[in-house]
Amino acid sequence: MSFFEDLFKKKEEPIKNKTSSNYEKNVEEVKKILGESSDLSSREFEVGNTGLKGTVMFIEGLVNIDIINQEILRNIMLFSRSVNSKKDLKNEIIEVIKNKTVTTAVIVEVEDIDKITSDLMNGIVAIFIEGQSKVLMVEAKSWPVRGIGEPSTETIIRGPSDGFVETLRFNTALIRRRIKDPTLRIQAMVLGKRSRTDVAVMYIEETVDKRVLKEVKERLDKINIDAILESGYVEQFIEDSSLSPFPQIQSTQRPDVVAAALYDGRVAIGIDNTPFVLIVPATIVTFLQSPEDYNDRFILTSFLRILRFASFLGSIFLPSIYIAITAYHPDMLPSDLALYVAGSRMNVPFPPFIEIFIMEIALELLREAGERLPSSVGGIMGIVGGLVLGQAAVEAGIVSPLLVIVVALTAIASSVMPNYSISVGLRIFRFLVMILASMLGLYGIVLGAILILTHLCTLDSFGIAYLTPFVSTQGRGRDFKDSFVRMPLQWMKKRSAYLKREDSTKLNIEDGGKHEGK
């Protein structure tokens, strides 16, 4: 079943603007609604020798002209020449054209003017026939698309290199290629009163958590907005806490990431016109995992994950620790290091907080400039700008050399995060903890850590605690095998315990438990 057909199988609503048996009136009504747009094309024809007139209507640039010429107009005009009179076709012309004439794969009958205009803007061709209130809608979509390439935001060393594009049907095909399970479900929705954006809810029937799936559909149904232009619109409407800097929904450009999530029992949401697919539910561990974690041996992967967790903490607390030690607790440093720090700051006119605040803001400006500039010069801007700015600031006596090292380490730690959304949240909390450290020293850092931890404890993602598995009680041991470290794949025989599903087994080993973990 095509996406186009799936939309028609939705629960039917009362028709407000029904077509009439006067086909010319129907054509004029559609043209009136679309405002005689320059890209709206129509072509009148005669059904063979019957004398019955018809009109085919479509929007240029959204359809395949060859399909219209060869499979619609040619067939209708030539096939019907064997019919001698209107009377022979009058009562069954629609059925003849639908079942015996037009050779396209998808064709449906419509009697709603609003539905016809909406489908025309989706690359559907409308066929109006004289004396018939029913209008045939034929799928002939063909619009400019970007070729499938490597994701720009999630580069990996070992793993597939294909990524999602802006065409939803291409994206679902990439998922189908990886999941040949007949229980994979792709359910169609349309969001946006004016944009009429196609949305696909994807899950595997036997592994999905029915509670999460129900919640996803309910939240999507509540979205009432003029236009959905990107997946970020949907994300903001369905996330649990819009006020939190931490993302509660995972977004990805990688089909392998979505396939792995579906196998684990999660739900994916694909949106047309964007290469980013949303995955729910998401936990803090989700954002610290890389797609290639499962492609390498577990020892290397575990080491890298520990580095990521350390970088997670370092990106928040490193500048604050510098402020607290230099301003409040210099006695915590060894004597030689304390003297060096004091000597390096001797000519600095600012207190540590102002000093590091200036460098952090400068770093954020460089980061933003690097992202907005063309890719050919964006990377150079970040590297050269950072080196030049840091060296100039030290020579001018605005900051100390040690501070430049701290800021550089913080930037590197923030860049280690596999997911861009989580790194943005860390940058916001970094400034909060810096303010607390400037007022209370190490006590401020502890207070900031408590506030962040409290905030994380209050977050949920579609009914799942954000700090799972650290705060869950059921199946914690099973989920810990894939958290701070990653145990061998042979040890992870069950799917995540925080989701409830029919099939929780993903690995069957029949070697007497030779590889089973403790």
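A: A salt bridge is a side-chain nitrogen of Lys or Arg within 4 Å of a carboxyl oxygen of Asp or Glu. This is a predicted model, where local features need pLDDT of at least 70, side-chain atom pairs need 80 or more, and totals for chains, interfaces and linings use all residues. Numbering starts from 1 along each chain as its sequence is written, and side-chain values use heavy atoms, without hydrogens or water.

Across the whole structure, 21 salt bridges turn up. Take Arg 219 and Asp 240. Their closest N and O atoms are 3.2 Å apart. Arg 219 lies in helix α8 (residues 210-221), while Asp 240 belongs to the loop between α9 (231-238) and β8 (250-252), so the bridge ties together parts 21 residues apart in sequence. Helices (H or I, at least four residues) and strands (E, at least two) are DSSP runs, numbered from the N terminus.

The two partners differ in exposure. Buried means under 20% relative accessible area, exposed over 50%, and partly exposed in between (1.4 Å probe, protein chains only). Arg 219 counts as buried, because its relative accessibility is 17%. Asp 240 is partly exposed at 33%.

Next comes the pair of Asp 293 and Arg 308. Their side chains meet at 3.0 Å, N to O. Asp 293 sits in the loop between β10 (277-280) and α11 (298-327), and Arg 308 sits in helix α11, so this pair ties together parts 15 residues apart in sequence. Here both residues, Asp 293 and Arg 308, are buried.

Glu 205 and Lys 210 form another salt bridge, with the closest N and O atoms 3.9 Å apart. Glu 205 is partly exposed, at a relative accessible area of 24%. Lys 210 is also partly exposed, at 37%.

Salt bridges can also link up. Glu 360, Glu 364, Arg 367, Arg 427 and Arg 430 form a network of them.

Now the surroundings. The chain has 18 helices and 12 strands. Of its 518 residues, 48% are buried. Contact means heavy atoms within 4.5 Å. Among contacts between residues at least 6 apart in sequence, 68% join residues at least 24 apart.

The largest core has 36 residues; Phe 246, Phe 312, Ile 356, Ile 422, Ile 452 and Tyr 466 touch the most other members. At least two of its residues come from each of α11, α13 (352-372), α15, α16 and α17. Beyond its neighbours within four places in sequence, Ile 422 is in contact with Phe 246, Pro 247, Ile 284, Phe 287, Phe 312, Met 417 and Tyr 466. A second, separate core holds 24 residues, including Val 267, Ile 271, Val 280 and Ile 464.

Ser 400 is in the loop between α14 (375-395) and α15 (401-415). Ser 400 counts as buried, because its relative accessibility is 0%. Setting aside neighbours within four places in sequence, Ser 400 is in contact with Tyr 322, Ser 344, Arg 345, Val 348, Glu 355 and Val 394.

Technical notes. Core = buried A, V, L, I, M, F, W, Y, C linked by side-chain atoms within 4.5 Å.
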